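Opening the notebook on a new model today.

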Amino acid sequence: MRSIWAGAISFGLVVIPVKLYAATEQRDITFRQVHRKDGARIQFRRVCTLDGEEVPYSDIAKGYELPTGDMVVLTDEDLADLPLVTAHRIEVLHFAPSAQVEPILAAKSYYTEPEPAGARAYVLFRDALEKSGKVAVAKVALRQREALAALRVREGVITLETLLWPDEVRKPDFAFLDEDIEVRSQELKMAASLIETMTEDFDPEQYHDTYREALEAVVQAKVEGNDVVRPAGVEAPEPNKQPADLTEILRLSVAALKDQRGQPAIEAKPAKSAAKDKDDDAKPPKTRSRAKAGARKASA
């Protein structure tokens, strides 16, 4: 894993230098928008609505639109002057019972790893936090935005969960909440009994993404049936480098994309061609050739 942030956990006079790593990832199949007729990629360009000309990224700024239609343009210098005291610090504000930090507030999770110099303080804080059964409520700035966060322990690692601010959680405004709906006690007992019957420990390993697996199977079937489109200008791969399965195709696609962007690509091992395997099988073993040569020499 690659760290995305370096700083320190700070509470009281204790400072623990740590690095942050993304704890989760989305395992979804990504698609490109293409022209249905020929499979060519669709390009998106940044165009000025005033003169219709394409605008380079370096000339793009942030704009805040007013109700009147006027625009407030913010520059990098304007944003640099904003207070961001937690840019390199996870500042613990206080501790709270774990149940009070509602799941709806959770945004994204990160693992923290201690720097060698702070490993002992990290372990001490981890053990004390886990034993307390509480979470540490903190503030941290990631990607130029300060967020509320919670520190808790998972599998021996202090995790940081960024939280939504209270005004980012919508209020449930539904008509049935104001209605007087009667639930009989017998119905409630039956519902509770059903819940009890279906109760078991939660094991996430027993669940899997059936939709993604089915989608991968559809893509793989089209590849195996040669139901693919090669857009104009895209060179065909060499026969001995034809990918054998979807995993190899995805790996080669990533390598090609990195190559286009000038980034170092992961070298993919080409699959052996059937013709090469046949030629290798047709060659006599070296030991047999040497034996025949020795026999001819002895008869001479």
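I started with R184: its relative accessible area is 54%, so it is exposed. Keep in mind that this is a predicted model. Its partner in a salt bridge is E187, with the closest N and O atoms 3.0 Å apart. I looked up E187 too, and at 40% relative accessibility it counts as partly exposed.

Then helix α4, which covers residues 210-224 and holds both E216 and R212. The two sit four residues apart, about one turn of the helix. Their side chains meet in a salt bridge at 3.9 Å, N to O. The cut-off is 4 Å, so this pair counts as a salt bridge. E216 is partly exposed at 30% relative accessibility, and R212 is also partly exposed, at 21%. Searching the whole structure, I get eight salt bridges.

Is T162 buried or exposed? I checked: it is buried, because its relative accessibility is 8% and the limit is under 20%. T162 lies in strand β9, residues 157-163. Beyond its neighbours within four places in sequence, T162 contacts a list of residues including L105, Y110, L142 and A149.

**Whole protein**

I noted seven helices and nine strands. Of the 300 residues, 17% count as buried.

Conventions
Residues numbered from 1 in each chain as written. Predicted model: local features only at pLDDT ≥ 70, side-chain atom pairs only at ≥ 80, totals over all residues. Heavy atoms only, no water. Buried < 20%, exposed > 50% of the residue type's maximum accessible area, 1.4 Å probe, protein only. Contact = heavy atoms within 4.5 Å.
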